[in-house]
Each structure stands twice: as C-alpha cells, then as structure tokens.
Amino acid sequence: MASVTEHEAGGTGSAKAPASRREEAVSRAARLAARFRQFVEALVAHAFAAFRSFLLRGRFSSLTRRIVVFNVVALFIMLGGILYLNQFREGLIDARRQSLLTQAEIIAGAIAEGATSNEAAPVFDQMERRRGKPLDIRPRGDMDDETADRGLPIIPENAAPILRRLVLPTQTRARLYDKDGWLILDSRQLTASGQIVAFELPPPAGTESEGPIGRLRDRLLMLLPGRDLERYKEAGSQNGSIYSEVTRALGGLPSSMERINDRGELIVSVAVPIQRYRAVLGALMLSTRGGDIDRIVRAERLAIVQVFLVVLGVTILLSVVLAGTIAEPVRRLAESAEIVRRGKTRRAQIPDFTARRDEIGELSGALRDMTNALYSRIDAIESFAADVAHELKNPLTSLRSAIETFTLAKDEAAKARLMQIIQDDVRRIDRLISDISNASRLDAELSREEMDNVNVATLLETVCDLFTETGVTGSADVKLDIDPGPQGRAGLIVKGFDMRLGQVVRNLIDNALTFSPEGGTVLVSARRAPGRIVILVEDEGPGIPPDNFERIFDRFHTDRPDSFGQHSGLGLAISKQIVEAHRGTIRAENRHEGDGPEGRVLGARFVVELPIPAN
C-alpha cells in the first residue's frame with residue numbers, strides 16, 4: 001500500500017514539473033513583452049518631447065521647411081500613384097467579369113434546357129406582343145409555318161422562375177433577348193408576391209455638378225483611370241442590339257463590356273448566347289448594379305487614405321525631428337561663426353559636434369580648426385606687430401639721440417662717431433623693413449603658389465656652389481655630403497617650392513658661417529630616411545645654449561656677439577615658417593665629442609626633415 005502511494009506521489013510531482021516550466025516560460029515572455037512595451041513607450045515619448053520642444057522654440061528654418069515639404073510631397077506623389085495606378089480596381093473588374101460570365105453560362109444553360117420550346121411547346125406571337133395585344137399562346141404544332149417561324153422558341157413562363165431563383169440573390173440584373181434581339185424578360189420586373197421593386201433612376205438634370213465642389217469632384221473623377229469609357233444607355237423597349245455584347249452573343253460568342261452611367265459609376269455587363277443543339281435561340285445579358293464595384297474600390301481607397309494620413313503624421317513628426325538634428329546644429333554653428341566675424345568677444349567658442357561622426361560633426365570640427373587657426377594667426381599678427389614696433393623703436397630711439405647730440409658736438413671726431421651711429425641705425429631700419437616685408441608676404445606666397453617636385457640633391461648643390469663661388473664664406477669652407485641611398489638621387493624628391501626651400505638652406509648656412517671660427521668648416525648633408533628626407537647643416541662654432549634651442553626660432557632673436565645693424569633676427573623664424581608650410585620640422589641641437597651629450601661641444605647642428613610625397 002505504501003508503494004502505491006509513493007508511486008502516485010511521484011507521478012503527481014512529475015506532472016507538476018512541466019506545468020511549472022510552462023508557467024515560468026509564460027512569466028518570462030510576459031516580462032520581455034513588458035520591457036519591450038516600456039522601450040517603445042519611452043522611444044515614442046522621447047520623440048514627442050523632442051518634437052514639442054522644437055515647436056516651442058518656434059524655429060522653423062528654411063531647411064526644416066524644405067525637409068518637411070520634400071518628404072510630404074514625395075508621400076503625396078506616392079499616394080497619387082497608388083490611387084491612379086491601383087491594380088486592385090482592374091483586378092476587381094476582371095474578377096467580376098469572370099464571375100458574371102460563369103454565372104451567365106450557368107443560367108443560359110439552364111434556360112436552354114428548361115425554358116426552350118419544342119414541337120409541343122406553346123409559343124407566343126412576338127409581333128402581337130409589340131402591338132400591345134394579348135399573347136396568343138398555343139402549341140407549335142397548331143401554328144402555320146409563318147407563325148412558327150416568327151414564334152419565340154424561349155418560353156417566358158419557364159425562364160422567369162429560373163431567372164428569379166438564380167439572378168436575384170446575386171444582386172445583378174439579367175435581361176433575356178430572343179434571337180432577333182428583342183427583350184423577353186428583365187429581372188427587375190421579376191418579383192415574388194409582396195416584394196417591393198426598386199428601380200435605379202437617373203439623377204435629376206443639373207444636380208450632380210451643381211456648384212464648384214461638384215464640378216471639381218467630377219473633374220477629379222474623370223482623371224482616374226477608366227473614366228473615359230463608353231456611356232451606358234438604357235435600352236428600354238429598343239432592340240438589344242444597341243449593346244455590342246448582345247450583338248456578339250447573338251452571333252454565338254460570349255462578350256463583356258464596361259461602361260459609365262450618368263452618375264459616373266462603373267457598370268460591367270456580359271452577354272452569352274442561349275444555345276440548344278448548337279442553334280442560337282437568344283442571348284442572356286447580365287450586368288452589375290451601378291456603383292457596386294465603385295463602392296468596393298472607394299472603400300479600398302479610403303483605407304489607403306487612412307493609412308496615408310497616419311503615415312503623413314509620422315512623416316511630418318520624423319521630418320521635424322530629423323530637421324531639428326540637422327538645422328539646429330547648423331544654426332548654432334552659423335551664429336557662432338557670425339560672432340567670430342563680428343569679433344565682439346575675445347574667443348568665441350564654436351559648438352563641438354564632433355561626437356556625431358557625420359557631416360555635421362565634420363563641419364563642426366572644420367569650423368573649430370579654422371577658428372583656432374584664425375585666432376592663432378591673429379595672435380601671431382599681434383605678437384609680430386608688437387615685436388616689429390619694439391625692434392623699430394630701438395634704432396629710431398638711437399637715431400633720434402644721435403641726431404640731437406650731433407648738433408651739440410664740438411669736435412670733428414665726435415661728429416664722425418655720431419654720423420657712423422646714424423648710418424648704422426638707418427641700415428638697421430632698412431634691413432628690418434626689408435625682412436619684415438619678406439616675412440609678411442611669405443604666407444600669401446605659400447598659399448597662392450602650387451607645389452612642385454623639388455630634387456633636394458640638386459637644390460643643395462646649387463646653394464652650396466653659390467656660397468663657394470661668391471666668396472661670402474670668408475676663410476670658412478662649405479662642404480656637401482649627399483647620401484642618395486639605394487634609390488639614388490631620384491629618391492631625394494619632395495613636394496615644395498624650390499625658391500623657399502633654397503632660402504631655408506641659405507639662412508642656415510649663413511647662420512652657421514656667422515658662428516664658424518677662422519678656417520672652420522660648414523657641413524651640409526642630406527640622406528633619405530623612412531618616409532622623409534633629412535637635411536643637416538653643421539658648424540664648428542661654440543654651439544647653442546640648451547635653453548635657446550627653441551628661442552632661436554623666435555622673431556628678432558639673435559645670439560650673435562657683433563650683429564648691430566647686420567642681422568634682424570628673422571632668418572631662423574622665416575626658415576621655420578617655410579619648413580612648417582611644407583609639413584616638415586626643423587630643430588636645433590649641439591654636436592658633442594663622443595656619443596653622449598656629456599662630451600665637449602663641437603658645434604651646432606640644424607636638422608630639417610621634409611616628408612616624401614606618396615606615390
């Protein structure tokens with residue numbers, strides 16, 4: 001008994017395990033659905049918050065309007081294309097036509113089998129019916145040949161119940177014509193006892209298009225495809241041959257036709273022959289009620305318009321949000337650029353959008369770099385102007401003092417000494433003005449000219465030969481050492497301006513000659529390094545104080561012991577400016593005895609590195 005109880009308990013536990021797993025899975029799915037719903041709600045709330053804040057700011061810029069208009073216009077074009085080229089209407093018409101043909105063939109077959117006359121079948125005189133006389137119904141065998149030939153082989157009394165049963169539930173209209181095209185039966189006139197007959201009457205004259213709204217609606221409807229169809233006319237007591245499909249059906253061929261009634265509603269009609277033993281006894285015409293297909297198409301288009309309105313709202317919302325992410329940063333960048341242009345503040349900060357990593361971020365980074373370069377240039381100009389004023393003020397002060405003292409001098413020796421000071425000051429001012437003019441034109445020339453291939457080996461040979469042949473080196477000697485490397489002289493080519501690079505080498509050699517001792521040597525060398533060409537200018541002078549490695553490239557700075565009126569202190573500053581314009585570097589260092597920097601200073605060394613252009 002105990003074993004049975006344990007077995008039952010185990011079975012109950014195993015049955016509960018799957019149930020608990022299902023509950024856990026359902027709970028997990030519910031949690032995931034809740035999280036997804038919260039995420040969607042947060043996303044929608046954020047979008048609406050951004051849209052609301054944008055609207056409150058009231059900044060509908062031209063870019064915002066264009067983005068919204070372009071997106072909305074594209075959406076309207078798509079809607080117009082869908083409504084104009086909608087294949088649903090054509091498919092619906094084709095399906096309706098096929099169903100009518102199938103229905104008409106079934107009904108025609110039923111009439112041919114159950115409502116056509118034979119030798120004993122009664123017939124009526126159609127001519128007497130046209131004259132309004134009572135029908136002369138009698139068996140075909142009791143008629144003469146002429147009356148029998150005029151008689152109608154379709155029995156109306158038998159055809160009417162067939163039409164009533166097969167046509168009325170389908171909400172279509174059926175008309176039965178004899179072999180001459182005269183109307184026998186019309187389903188609109190087939191009613192059961194107590195049934196109300198409803199006729200489709202044409203609209204009163206002038207009521208459909210009264211007023212501008214009606215005329216506009218009619219014109220718009222006429223633009224839709226299929227509105228140039230043949231107009232539908234009610235035959236009434238006329239012969240059914242006015243319908244082309246009836247004429248073709250009497251010829252033994254099923255046919256269909258599409259027409260537009262006076263209300264602009266589409267009517268699809270089909271006609272099939274009623275045949276028995278391959279003899280055409282008449283024609284059956286089925287037609288849709290006016291507006292049946294149009295109501296379905298109108299409902300389908302209304303659904304499209306409803307979807308369009310929802311998409312339109314979402315498009316406008318997203319367009320405004322998108323425009324806000326584009327137009328607002330651009331507007332802020334434009335305002336900051338305008339502030340920089342007006343120069344009302346010392347340092348106007350350009351907004352930083354570089355974290356966006358798109359075109360706006362690139363524009364922000366470019367504007368920030370341009371602004372920083374502009375401010376750096378302004379600072380450089382201000383500093384340059386201050387340095388120029390200072391450097392010009394010193395010789396002018398000395399010149400004024402010498403001139404004032406010259407009038408007070410008594411002896412000729414004092415006057416000659418003062419005259420020498422005046423001439424030195426004038427030469428110094430002339431040199432300063434020339435060097436300042438060259439330095440001020442340098443940026444403009446470097447930005448206007450196009451860089452070309454410059455062979456560094458040829459350039460150095462030309463400059464060194466110029467110094468040697470003109471004899472400006474004095475007792476010092478200028479030597480050249482070129483290491484072409486495996487690629488030869490063709491590997492020592494850089495992109496640049498040969499005249500300006502030659503100016504750099506001349507300034508460095510001239511500076512080295514100034515500090516070289518009697519009989520010293522200035523060594524100019526060049527070699528190719530990975531990705532760059534290195535130019536060295538070394539002298540045997542006293543070297544450069546370590547504190548001045550950077551200062552010697554400042555404007556108007558000079559360490560020459562005897563340079564009054566001879567040097568302006570702009571040569572190395574101009575050289576640095578030219579090298580940096582070629583995306584290179586220049587630096588100064590000392591040569592030491594031995595390998596380490598602790599040895600005796602053997603002279604100064606200037607190192608110029610120029611990038612090799614990519615192939």
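I looked up the salt bridges to begin with: the structure holds 15. I note that this is a predicted model.

I checked Glu230 next. Glu230 forms a salt bridge with Arg259, with the closest N and O atoms 3.5 Å apart. Glu230 lies in strand 5 and Arg259 in strand 6 (residues 255–260), so the pair ties together parts 29 residues apart in sequence. I find Glu230 partly exposed at 40% relative accessibility, whereas Arg259 is buried at 2%.

Then I went to Arg489. Arg489 forms a salt bridge with Glu461, and the closest N and O atoms are 2.9 Å apart. This pair links distant parts of the chain: Glu461 sits in helix 12 (residues 456–470), and Arg489 in the loop between strand 10 (477–483) and strand 11 (493–496). Arg489 is partly exposed at 35% relative accessibility. Glu461 is partly exposed at 29%.

I also looked at Glu589, which forms a salt bridge with Arg587 at 3.7 Å between the closest N and O atoms. Shared partners join Arg532, Glu538, Arg587, Glu589, Arg605 and Glu609 into one salt-bridge network.

I turned to the rings and got 2 aromatic pairs. Tyr232 and Tyr243 are stacked, 6.2 Å centre to centre with 10° between the planes. Tyr232 and Tyr243 lie in the loop between strand 5 (230–231) and helix 8 (244–250), so the pair ties together parts 11 residues apart in sequence. Tyr232 counts as buried at 14% relative accessibility, and Tyr243 counts as buried at 2%.

Phe553 and Phe606 pair edge-to-face, 6.2 Å centre to centre with 90° between the planes. Phe553 is in the loop between strand 13 (532–538) and helix 14 (571–581), and Phe606 is in strand 15 (residues 601–611), 53 residues apart. I find both Phe553 and Phe606 buried.

Methods
Residues numbered from 1 in each chain as written. Predicted model: local features only at pLDDT ≥ 70, side-chain atom pairs only at ≥ 80, totals over all residues. Heavy atoms only, no water. Phe/Tyr/Trp six-rings, centres within 6.5 Å; stacked < 30°, edge-to-face > 60°. Helix = DSSP H or I, 4+ residues; strand = E, 2+ residues; numbered from the N terminus. Buried < 20%, exposed > 50% of the residue type's maximum accessible area, 1.4 Å probe, protein only. Salt bridge = Lys/Arg side-chain N within 4 Å of Asp/Glu carboxyl O.
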